Amino acid sequence: MSEKLWIFDTTLRDGEQVPGCQLNSQEKIVVAKALEELGVDIIEAGFPISSPGDFNSVVEISKAVSNPIICALSRAVEKDIEVAADALKYAKKGRIHTGIGVSPYHIQFKLRSTPENIIERGIRAVKYAKSFVEDVEFYAEDAGRAELPFLAKIIEAVIKAGATVVNIPDTTGYCLPEQYGAIIRYLKENVSNIDKAIIATHCHNDLGMATANTIAGVQNGARQAELTINGIGERAGNTSLEEVVMAIKCHHAIPVHTNIKTELIYGTSRLISKLMNMPVQPNKAIVGRNAFAHSSGIHQDGVLKHRENYEIIDPKEVGVHESTIVLTARSGRAALKYHLDALGVELEGEPLREVYEEFLILADSKRDIGTKDLLSLVGKFMDGSSFIELGKVSYQSNGEIKAHVELKVGEKNFEADSTGNGPVDAVLKAIESIVKPQIELEEFLIQAITHGSDDVAKVHMRIIQGDRPYYGFASNTDIVLASAQAFVDALNKIPVKDKVIVA
């Protein structure tokens, strides 16, 4: 039977150090509860001495969650440790995470100390933390560049002083997987009391090695992995929780298991992205919007025939409803037929071949092929009565923001007015008052394409209808109009059989 890998989530501490990603206490509680539901074992809730806000967040998170261990960070300084202990007073299970730099760089240039003094300070910090809580984790900062005999010596000393977990960070993301795995193996073989503590990994992604290094550490004996949702964190980020968990799930040869409910991964990822206002890169492993998207004709045909031809993970395992078949100039007939079937148009043989030839010509000249394009290609084969066209859009602010929209659905014209928190909100609500598809707007991104006062904004939207995702895209110098166009584009991609109800 495999051993348990303890999942230590530091999204609220190391992850929150990203510029612009700071959360208030209430938002941190929302995240902590989501992490608890996800199944993480330890939540690093903050660095209490760093600010009153961080102290209060650790206190409130300690009150709000019950199952995970709540961890508070400190330096190897008595005052830090006292404040951390005070912040953890309401925790059902509390842990103090204290430590000090151990590489020659940190000892000489940061701490201006000696190896002997560093060991003494580490021992003192662990013993002092142990006087407040039973569970004490020691971090050997910059262990990835430490001298191994010294690293083994200080780890043995802090375990003897009472450390229950010893954290071996690759603080600068310097190590290669073979090097990091060798560090963990060296400690397993050269620290006499290593069996009395859990070895933890804490890897950064400066060279893109964080996940690989973490897996190498686990393969060599580490049994706690320190991670963040979406891999957020200092500089290039921390190790991505979703990547490590799914790598372990996919590879049975890695002799560990976790308690993570993987079907909640995608939802948790989106929550963090939304609260921290930090978009997930489209090609991000596991949770990026292209992680299960296929545009190559060969791949599309293979996936439609048998998912595992090109997907090692079932999207449903991580909370994604299904794979996305994207129509591009590289798409084959199988992908085109897949989309036509969803529109209720069943073509075979020569008619399909004719439409496909026209489709390729169109796809060579357009980046995004939408429902309107397909309707034009197969107009003689289907009824376009449910197609939505955006007409006039206007908005004004006289103390209250009001919007007016005009839509054409099939051959019928509709108008609606609405108010909102801003012009975009008001316009989208007006559209929804006409078209009622019972959708959830899950992702809304605005990017500047050009520079200057006449910027062109590109809007990307992801909506959910009946647990299925649909994407909308639009570009315009008017952000409000681009948002409305993207919203309508996404609505038009809902299949006929699930089509919107028109008011």
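Mentor: Let's begin with D142, which sits in the loop between strand 6 (135–141) and helix 6 (148–161); helices (H or I, at least four residues) and strands (E, at least two) are DSSP runs, numbered from the N terminus. Please keep in mind that this is a predicted model, where local features need pLDDT of at least 70, side-chain atom pairs count only at pLDDT 80 or more, and totals for chains, interfaces and linings use all residues. Residues are numbered from 1 along each chain as its sequence is written, and side-chain values use heavy atoms, with hydrogens and water left out.

D142 counts as buried because its relative accessibility is 0% (buried means under 20% relative accessible area, exposed over 50%, partly exposed in between, with a 1.4 Å probe and protein chains only). Leaving aside neighbours within four places in sequence, D142 is in contact with V102, S103, Y105, H106, P169, T171 and T172, where contact means heavy atoms within 4.5 Å.

Apart from residues up to four places away in sequence, T171 touches E141, D142, H204 and R235. From T171 to I123 there are 48 residues in sequence and 21 Å in space, C-alpha to C-alpha.

Now for the nonpolar side of the picture. In soluble globular proteins, nonpolar side chains tend to be buried together. A nonpolar core is a set of buried Ala, Val, Leu, Ile, Met, Phe, Trp, Tyr and Cys residues joined through side-chain atoms within 4.5 Å. The largest one here has 91 residues, and those with the most contacts inside it are F138, L151, I154, I155, V166, I168 and I265. Helix 6 supplies the largest share of this core, nine residues. I154 touches I100, V102, I118, I119 and F138, again not counting residues up to four places away in sequence. A second, separate core of 31 residues includes I401, V405, F414 and L491.

Finally, the UniProt record, in an unreviewed entry, places the feature "domain: Pyruvate carboxyltransferase" at residues 5–266; UniProt positions are given in the numbering used here, feature names are shortened, and annotations may be inferred rather than shown by experiment. That span is 42% helix and 19% strand, and its end C-alpha atoms lie 21 Å apart.
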